[in-house]
Amino acid sequence: MTITDPLLHVSGLTKHFPIRGGFPVKRTVGAVRAVDGLDFQVAEGESLGLVGESGCGKSTTGRLITRLLEPTAGRITYAGRDITHASRRQLAAVRPEIQMIFQDPYSSLNPRQTIGRIVAAPMEIHGINPAGGRERKVRELLETVGLNPEHYNRFPHEFSGGQRQRIGVARALTLSPKLIVADEPVSALDVSIQAQVVNLLQTLQKDLGIAFLFIAHDLAVVRHFSQRVAVMYLGRIVEIANRSDLYENPRHPYTRALLSAVPEVTDHARPRERILLTGDVPSPIDPPSGCRFRTRCWKATDQCATETPPLTRIDGNGTGHLAACHHPETARTTVAV
Amino acid sequence: MTSPMPSAAPFQVAADPGAVPPAPTAPSQGGAGRSPGRLAWLRFRRDRTGVLSAWVVLFFFVAGLAAPLIAKLYGKDPYTTYGQNQSGLLNDFGFPIKPNGGISGDFWFGIEPQLGRDVFTLLLYGIRNSLLIATVTTLLVTLLGVAVGITAGYLGGRIDNLVGRIIDILLAFPSTLFFIAFWPVMISIFVSPEDNTPTWLIVVSLISVMTAFGWAPMARLLRGEVLALREREFVEAAKVTGASPARIIFKELLPNLWTPILIQGTLALPMYVTTEAALAFLGVGLQDPTPDWGVMIQRGSQVYQNDITYMLFPGLTMVIFVIAFNLLGDSVRDALDPKIRR
């Protein structure tokens, strides 16, 4: 998939959370490098999956793009507009087009507001009066996400987790966005309900042509939902590729290790390859020099400690398949299992 | 959702995905849902202690508010010295002649020793004045505490730090001692010692001093609540849609703060009633010709060896009122916050 005129363009995106300490005068003594130089694009109508283990900066990335957090460095360009440091008023024009779906359906809906008010709130904030009135629009949206429009006057506590997440989706759809940042939208749900919600999002993506930045730690869900996938490790993207390239031909050792950890119904006759990583993820306060994965990589050399591998296309990869590694895995077809 | 049967509770947590959880007591399927406030009201109505204390508290407020009306129907006022004007009520030592403090068909709660005022109207007006001061103080304290608490919690950073230190200092301050020591000084700034201090000035100064030292607990509570709510995802959702800080505070945060505000408020009011009475007893605040609960108890303590009845009425009514209001506060808390159990 070639990228022509991306909807969202992120370059060098960085977020460092300062650590303040010291006595008697508090000062910045360090920084948690949650996100450290991300480059990626999301095309119109495309779904980019962002995967990685806990604490690698996925959610921070989502919050930076929706500008819930202020980036430390880098650029976020949405449809040609630089929104990196835009103020609330400057963002007002872009806000309707970038929406977010949250992880926890139990805390993402205000318990004191009816479903109708929650879903209508974005219209209220932007002063939009659709034809037929806001209530009708809300009822339509509820129907779109598979809820009974009669639930208009009910309160969040009367719904289950899956239903609440649908309400969250309806709220995100209210302003007809072009990009939805979905921050682990299904990880808090039961597996059976996960599938329902993912399928709903997929239908919406196809029917309404909404681009998604789909943040998840579940590789199977991302594979099902996203056309392109980026793998993050300790605040950096280590590999980004089309779905089939990444899942079938991972070039970064971390991607391979991650994929091998996906639980599957195994065929005992042909035990699959399993890579066990040793050690813990290093602290993002003091990340390793060079390649950040080197402390846990079985291929690490001195070069990995001194040189930071650039995120580039490695020989043998398809277009748009980038990886940041000095010693990439050989193509899957020649790997001896 | 509350269910009449406790055994049904676990099923409501994990309702089945496709359908609405069946509401056993809601016949209007698909109609208006029951708001958290409405559910709290339903819980409160089932709490007998709460309902009873609510009636008692209401009775006191009605009695206080309607004091002039009741006094008019009763035909007496709290200022006339009936015992000195009419003979046959007080003996030579100034104590009621009739037993039990002079209780009779004319004087329902008896007459005051020495001055001979009517205890019933005195008590009514005393309740009226005490409740007025306590209610206004509670409202002001709540307003100030909520404003400061939300500001500190929402803005965070330096402002939060500064407000936090001020709250710490206020809470560590011995406020009762301060009232006793500085209240006369404060009054002397406005009124020369020769003049009589006007009652309105006493009331205003009392209210403002109690407010100045009283807002800290409310502010601290609200600050904590806002800090927790601010991180909730529905606040972020409002931000993502471009909501202004004012909208977030008034539409998203405040509706979730009514519970702690109401609980703290209902527990604060009886406290101010007793504080005001204690101050009046110690000679700070309202002075004798003005009817007041605390002033009455002070008078009662001077004469109780000869006329216990006179102390009994203000004392007992205050105990009943404070207990009822505290029980009401507990019930309000239980109704609004069913997870917190004593």
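Helices (H or I, at least four residues) and strands (E, at least two) are DSSP runs numbered from the N terminus.

I noted that this is a predicted model, in which local features need pLDDT of at least 70, side-chain atom pairs count only at pLDDT 80 or more, and totals for chains, interfaces and linings use all residues. Residues are numbered from 1 along each chain as its sequence is written, with chains lettered from A and ligands numbered from 1 in the order in which they are written.

I then traced the open sheet, whose eight strands in chain A have the order β6-β7-β8-β3-β9-β10-β12-β11 with mixed pairing. β6 (98-101) and β11 of chain A each have a single partner strand, so one side of each lacks a neighbour in the sheet.

I turned to β9(A), residues 228-233, where six of six residues are buried (20 or more other C-beta atoms within 10 Å of the residue's own, placed from the backbone). β9(A) pairs (at least two DSSP bridges) in the parallel sense with β3(A) over four bridges, and Val51(A) stands opposite Val231(A). Six bridges join β9(A) to the antiparallel β10(A), where Ala241(A) is the bridge partner of Val229(A).

Key. Buried ≥ 20, exposed ≤ 12 C-beta atoms within 10 Å, placed from the backbone.
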